[in-house]
Amino acid sequence: MDTQYPKTIDEAVSALSDGATPLAGGTDLMVEVNFGHRRPDHVVALRRVDELAEWDGSTIGAGVTWRRIELEGPKALAEAARTVGSPQIRNAGTIGGNVATASPAGDGLPFLAAVDASIEVRSATGSRSIQWDEFFLGVKKTALEADELVTGVDLPEDLPERQAFGKVGVRNAMVIATVCCVVTRELDGLTRVALGSVAPTPMRARQSEEMISAVARPSESDLAEFARLVAAEVSPITDHRSTAEYRRHAAGVLARRLLGRCLR
Ligand SMILES: Cc1cc2nc3c(=O)[nH]c(=O)nc-3n(C[C@H](O)[C@H](O)[C@H](O)COP(=O)(O)OP(=O)(O)OC[C@H]3O[C@@H](n4cnc5c(N)ncnc54)[C@H](O)[C@@H]3O)c2cc1C
């Protein structure tokens, strides 16, 4: 495997235009290599590109690790970071790698969906900003071209004060999500609900958002109706981790609990 070690984004994107595969923390890519699913001949290692590890206000560089997000991130994203793998994985794995892998179970992705984040990308010919719902196209499919590098994720300047992340899995730690969810609520009641592992891409439960945003002080029956709507809106599959029915049920229960945390 031929490896390049650029120090700048310009050098990294130039390697991409020569057909190189980006390698950040390697916690997804090297698993694929070890299983023989991918065999890149030419790799561009991003760890020495300091610009990618910059965190400039509301823009988180693609090379920022989960460990740093755990310590410095907005509340729900930090909560998500805390659940990613083990300390070793969180010290190596990056938000850019999570975004580029685009696993339906990527724990960082519901937060990006909840706050309407954009993904910043750059190639040798220019840069563009892609809204999250135009970036994630399917299971591990994104709008990223082969010669494009994710340089960061751009969050809105004003994030809702009340926000919560939760994850359901078969264990409490080192687990891929059966369902993961972010709920945010503004002081005027505007509520956003984003989920992972229940559709090919991260998704928003927009009917549930509309219903609960209109209720200033949700009663128990409003919360029950909210959970029912969330469960109805998701479109999970049955796989080795869970049945679709359980995922649907868990999505409603989890979203309701997280909303409860935002209402406290
Ligand atoms: C034991 C273990 C536990 C895990 N647990 C979790 C978990 O709980 N939750 C979770 O969400 N994930 C988990 N993961 C998956 C992984 O850790 C995350 O997805 C992580 O964020 C990947 O980041 P990375 O920097 O290691 O990416 P890499 O493995 O380096 O790259 C991943 C993919 O993205 C591409 N890429 C990387 N950076 C860029 C860039 N800047 N621009 C364009 N393409 C890029 C690579 O070419 C590759 O295709 C786990 C992995 C392991 C091995």
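Predicted model: local features only at pLDDT ≥ 70, side-chain atom pairs only at ≥ 80, totals over all residues.
Local features are taken only where pLDDT is at least 70 and side-chain atom pairs only at pLDDT 80 or more, while totals for chains, interfaces and linings use all residues. Residues are numbered from 1 along each chain as its sequence is written, and side-chain values use heavy atoms, with hydrogens and water left out.

Let us start with a pair of helices. Helices (H or I, at least four residues) and strands (E, at least two) are DSSP runs, numbered from the N terminus. Two packed helices are described by the angle between their axes and the distance between the axes. Axes here are lines fitted to C-alpha atoms, for helices over the stretch in contact, and angles run from 0 to 180 degrees between N-to-C directions. Helix α9 (residues 206–213) packs against helix α10 (residues 220–233) at about 165 degrees, and their axes are 8 Å apart. That angle makes α9 roughly antiparallel to α10 (under 35 degrees counts as roughly parallel, over 145 as roughly antiparallel, 65 to 115 as roughly perpendicular and the rest as oblique). On the α9 side, R206, Q207, S208, M211 and I212 make the contact, and on the α10 side D222, E225, F226, L229, V230 and E233; contact means heavy atoms within 4.5 Å. These residues divide into 5 nonpolar, 2 polar and 4 charged.

From α10 come E220, L223, A224, F226, A227, V230, A231 and A232, and they meet R248, A251, G252, A255, R256, L259 and L263 in α11. This contact divides into 11 nonpolar, 1 polar and 3 charged residues.

L263 has a relative accessible area of 28%, so it is partly exposed (buried means under 20%, exposed over 50% and partly exposed in between, with a 1.4 Å probe and protein chains only). Leaving aside neighbours within four places in sequence, L263 is in contact with R162, R185, P218 and L223. Between L263 and R248 there are 23 Å in space, C-alpha to C-alpha, for 15 residues in sequence.

Now for the interior. Helix α4 (residues 75–82) has 6 of its 8 residues buried, so α4 is largely enclosed by the rest of the structure. Those buried residues are A76, L77, A78, E79, A80 and A81.

In soluble globular proteins, nonpolar side chains tend to be buried together. A nonpolar core is a set of buried Ala, Val, Leu, Ile, Met, Phe, Trp, Tyr and Cys residues joined through side-chain atoms within 4.5 Å. The largest one has 47 residues, and V99 and L112 have the most contacts inside it. Not counting residues up to four places away in sequence, L112 touches V99, A117, I119, W132, V153 and L155. Apart from this core lies another, of 26 residues, among them A199, I212, A250 and L254.

Finally, turn to the backbone. Most residues other than glycine have a negative phi. A102, in the loop between α6 (95–101) and α7 (109–114), has a positive phi of about 55 degrees although it is not a glycine. At 3% relative accessibility, A102 is buried. K140 also has a positive phi of about 55 degrees, and K140 is found in the loop between β8 (136–138) and β9 (141–142).

Notes:
Nonpolar A, V, L, I, M, F, W, Y, C, P; charged D, E, K, R; others polar.
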